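Dear colleague,

Please find the structure below, with the findings set out after it.

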Amino acid sequence: MYYVPDDTETAGYYECSECHERFLDIRIAPRLVCPYCGTEPDMELGPDDAIPEIRETANLLETLEGDEVARYDTLLSLAITGGDYSWI
(Lines give C-alpha, C1' and ligand atoms only; values in the text may rest on other atoms or scores of the structure.)
Protein backbone atom coordinates (compact mmCIF):
# COMPACT_ATOMS: atom_id res chain seq x y z
CA MET A 1 0.00 0.00 0.00
CA TYR A 2 1.04 3.61 -0.39
CA TYR A 3 0.63 5.14 3.10
CA VAL A 4 0.64 2.12 5.41
CA PRO A 5 2.23 -1.36 5.18
CA ASP A 6 0.35 -4.22 3.52
CA ASP A 7 -2.12 -6.11 5.72
CA THR A 8 -2.56 -3.19 8.13
CA GLU A 9 -5.71 -3.83 10.16
CA THR A 10 -6.08 -0.46 11.93
CA ALA A 11 -5.00 3.03 10.83
CA GLY A 12 -5.79 6.63 11.62
CA TYR A 13 -7.15 8.98 8.96
CA TYR A 14 -5.74 12.49 9.51
CA GLU A 15 -6.05 16.00 8.07
CA CYS A 16 -3.55 18.78 8.70
CA SER A 17 -5.08 22.06 9.87
CA GLU A 18 -2.32 24.09 8.16
CA CYS A 19 -1.67 22.50 4.74
CA HIS A 20 -4.99 20.57 4.58
CA GLU A 21 -3.31 17.37 3.35
CA ARG A 22 -5.04 14.12 4.28
CA PHE A 23 -3.11 10.95 5.01
CA LEU A 24 -3.16 7.60 6.80
CA ASP A 25 -0.86 6.59 9.61
CA ILE A 26 -0.47 3.39 11.61
CA ARG A 27 -0.20 5.47 14.78
CA ILE A 28 -3.54 6.43 16.27
CA ALA A 29 -3.53 9.58 18.38
CA PRO A 30 -5.77 12.65 18.58
CA ARG A 31 -3.03 14.79 16.98
CA LEU A 32 0.21 14.07 15.08
CA VAL A 33 3.01 16.06 13.48
CA CYS A 34 2.11 16.51 9.80
CA PRO A 35 4.51 14.60 7.50
CA TYR A 36 4.06 17.27 4.80
CA CYS A 37 4.49 20.62 6.54
CA GLY A 38 5.71 19.69 10.02
CA THR A 39 9.02 18.34 11.21
CA GLU A 40 9.83 16.12 14.14
CA PRO A 41 12.04 18.16 16.49
CA ASP A 42 15.62 17.13 17.13
CA MET A 43 15.75 16.57 20.88
CA GLU A 44 19.55 16.49 21.07
CA LEU A 45 20.10 19.89 22.62
CA GLY A 46 23.31 21.72 23.20
CA PRO A 47 23.94 24.08 26.10
CA ASP A 48 22.84 27.16 24.12
CA ASP A 49 19.94 25.58 22.19
CA ALA A 50 16.33 26.41 22.88
CA ILE A 51 13.82 23.63 23.44
CA PRO A 52 12.14 22.98 20.07
CA GLU A 53 8.42 23.51 19.75
CA ILE A 54 6.46 20.43 18.74
CA ARG A 55 3.57 21.45 16.47
CA GLU A 56 1.04 18.66 16.09
CA THR A 57 -1.22 20.06 13.37
CA ALA A 58 -2.70 16.85 11.96
CA ASN A 59 -6.04 15.98 13.56
CA LEU A 60 -7.55 12.50 13.68
CA LEU A 61 -10.70 12.41 11.55
CA GLU A 62 -11.53 8.73 11.82
CA THR A 63 -10.10 5.39 12.93
CA LEU A 64 -10.24 2.88 10.06
CA GLU A 65 -10.37 -0.88 10.47
CA GLY A 66 -10.25 -3.91 8.17
CA ASP A 67 -11.04 -3.38 4.48
CA GLU A 68 -11.55 0.37 4.99
CA VAL A 69 -7.79 0.79 5.48
CA ALA A 70 -6.98 -0.60 2.01
CA ARG A 71 -9.84 1.31 0.39
CA TYR A 72 -8.83 4.69 1.86
CA ASP A 73 -5.17 4.01 1.10
CA THR A 74 -6.01 3.36 -2.56
CA LEU A 75 -8.23 6.44 -2.87
CA LEU A 76 -5.75 8.78 -1.20
CA SER A 77 -2.82 7.42 -3.22
CA LEU A 78 -4.69 7.95 -6.50
CA ALA A 79 -4.98 11.64 -5.60
CA ILE A 80 -1.18 11.78 -5.06
CA THR A 81 -0.16 9.73 -8.12
CA GLY A 82 -2.69 11.39 -10.42
CA GLY A 83 -4.47 8.14 -11.26
CA ASP A 84 -1.31 6.20 -12.10
CA TYR A 85 -2.04 2.57 -11.26
CA SER A 86 1.48 1.31 -12.07
CA TRP A 87 2.55 1.31 -8.40
CA ILE A 88 -0.22 -1.15 -7.43
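Helices (H or I, at least four residues) and strands (E, at least two) are DSSP runs, numbered from the N terminus. This is a predicted model, in which local features need pLDDT of at least 70 and side-chain atom pairs count only at pLDDT 80 or more, while totals for chains, interfaces and linings use all residues. Residues are numbered from 1 along each chain as its sequence is written, and side-chain values use heavy atoms, with hydrogens and water left out.

D6 is located in the segment before β1 (10-16). With a relative accessibility of 55%, D6 counts as exposed (over 50% relative accessible area; buried is under 20% and partly exposed in between, with a 1.4 Å probe and protein chains only). Together with D7, E9, E65 and D67, D6 forms a negative surface patch (residues with over 30% relative accessible area and no salt bridge, like charges being joined within 9 Å; a salt bridge is a side-chain nitrogen of Lys or Arg within 4 Å of a carboxyl oxygen of Asp or Glu). Asp and Glu count as negative, and the charge is placed at CG of Asp or CD of Glu.

As to the cysteines, the structure contains 0 disulfides (pairs of cysteine sulfur atoms within 2.5 Å). For C16, the closest cysteine sulfur is that of C37, at 3.5 Å, which is too far for a bond. C16 is buried, at 1% relative accessibility.

C34 lies in the loop between β3 (31-32) and β4 (58-65) and is likewise buried, at 1% relative accessibility. Its closest cysteine sulfur belongs to C19, at 3.7 Å, too far for a bond.

Yours sincerely

Technical notes
Patch = residues over 30% accessible without salt bridge, like charges linked within 9 Å, V, L, I, M, F, W, Y side chains within 5 Å. Areas by Shrake-Rupley, 256 points an atom, 1.4 Å probe, with all protein chains shown as cover.
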